[in-house]
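I opened my notebook to look up a few things in this structure. Come along and read the entries with me.

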Amino acid sequence: MKAPRSKQSEPFLTDIKTLRERARKNIGEGGITEAYQGNPERAIEILQTVLATEIVCVLRYTMHAVAATGISSDGVKAEFDEHAKEEHEHARAVAERINQLGGKPDFNPKGLESRAASQYGSAENLIEMIKENLIAERIAVDHYRELIRYFGNKDPSSRLMLERILAVEEEHANDMHDLLVAHEGKPMLPR
């Protein structure tokens, strides 16, 4: 004989009539509804650092794609260009999310690097460029993992966006690692 289900084990579902009334009543709040459990102001503040990080990465990868020289630089330049385009897509997605949360994305170049988790860099040769990009990707990977845990179920849209970005950043880090191994002539970097 089955035990009767308690009301606590039932998922909480708002009736359709209430959902419709709330949607009409709070229309000025855009996509932020009563079900949003995060702090929109804090989410915007955090996402501004992600936006700055992605912009700095676009600039660094673009500069490296232009400045890289050497006998085997063409393939590396192409990789830098591809990464710059993907980082631009990330910046755009983050800016859109900031806008959805009611914020204004901060594209102001003044103070950009101080707002970013990663740095622009000053590499002079191909190996240094690859290392700078690998370090920047590792910073982004750690930072975004922390932010994914922070957003959790309170802000699943921001979390999911960062999860998608994280997967690409991990791929970028792996690409930079592979390039570094190939160009330094070592079978594997020390762990």
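**Entry 1: Phe 80**

I began with Phe 80, which I found in helix 3 (residues 73-100). I am working with a predicted model, in which local features need pLDDT of at least 70, side-chain atom pairs count only at pLDDT 80 or more, and totals for chains, interfaces and linings use all residues. Residues are numbered from 1 along each chain as its sequence is written, and side-chain values use heavy atoms, with hydrogens and water left out. Helices are DSSP runs (H or I, at least four residues), numbered from the N terminus.

Is Phe 80 buried or exposed? I noted a relative accessible area of 0%, so Phe 80 is buried. Buried means under 20% relative accessible area, exposed over 50%, and partly exposed in between, with a 1.4 Å probe and protein chains only.

Which residues does Phe 80 touch? Leaving out residues up to four places away in sequence, I listed Tyr 61, His 64, Ala 65, Ala 68, Leu 126, Met 129, Ile 130, Asn 133 and Met 176. Contact means heavy atoms within 4.5 Å.

**Entry 2: aromatic pairs**

How many aromatic pairs does the structure hold? I noted two. Rings of Phe, Tyr and Trp (its six-membered ring) pair if their centres lie within 6.5 Å; planes under 30 degrees apart count as stacked, over 60 as edge-to-face and the rest as tilted.

One of them is Tyr 61 with Phe 80, a tilted pair at 6.0 Å centre to centre and 50° between the planes. This pair links distant parts of the chain, with Tyr 61 in helix 2 and Phe 80 in helix 3. Their C-alpha atoms are 5.2 Å apart in space, while the two residues are 19 apart in sequence. Both Tyr 61 and Phe 80 are buried.

I then turned to Tyr 150 and Phe 151, whose ring centres are 5.3 Å apart with planes at 75°, so this pair is edge-to-face. Tyr 150 has 33% relative accessibility and counts as partly exposed, whereas Phe 151 is buried at 2%.

**Entry 3: helix 2 and helix 5**

Next I followed helix 2 (residues 40-67) to helix 5 (residues 126-151), where the axes come within 11 Å and cross at roughly 165°. Axes are lines fitted to C-alpha atoms, for helices over the stretch in contact, and angles run from 0 to 180 degrees between N-to-C directions. The two helices are therefore roughly antiparallel. Angles under 35 degrees count as roughly parallel, over 145 as roughly antiparallel, 65 to 115 as roughly perpendicular and the rest as oblique.

Helix 2 passes helix 5 in a left-handed crossing, meaning that the near helix is turned anticlockwise from the far one by less than a right angle (right-handed if clockwise). By class, I noted 12 nonpolar, five polar and five charged residues in this contact. Ala, Val, Leu, Ile, Met, Phe, Trp, Tyr, Cys and Pro count as nonpolar, Asp, Glu, Lys and Arg as charged, and the others, Gly among them, as polar. On the helix 2 side I wrote down several, including Ile 46, Val 50 and Tyr 61, and on the helix 5 side Met 129, Tyr 150 and Phe 151 are among them.

**Entry 4: helix 2 and helix 6**

What angle do helix 2 and helix 6 (residues 156-184) pack at? I read about 30°, with the axes 13 Å apart, which makes helix 2 roughly parallel to helix 6. Leu 47, Val 50, Glu 54 and Tyr 61 of helix 2 make the contact with Ser 158, Met 161, Leu 162, Ile 165, Glu 169, His 172 and Met 176 of helix 6. I counted these by class as seven nonpolar, two polar and two charged.

**Entry 5: helix 3 and helix 5**

Back at helix 3, I saw that its axis lies 12 Å from that of helix 5, at an angle of about 30°. Helix 3 is thus roughly parallel to helix 5, and their crossing is left-handed. Ser 73, Val 76, Phe 80 and Glu 87 of helix 3 contact Leu 126, Met 129, Ile 130, Asn 133 and Glu 137 of helix 5.

**Entry 6: a loop residue**

Last, I looked up Gly 102, in the loop between helix 3 and helix 4 (112-115). Gly 102 counts as exposed, at 67% relative accessibility.
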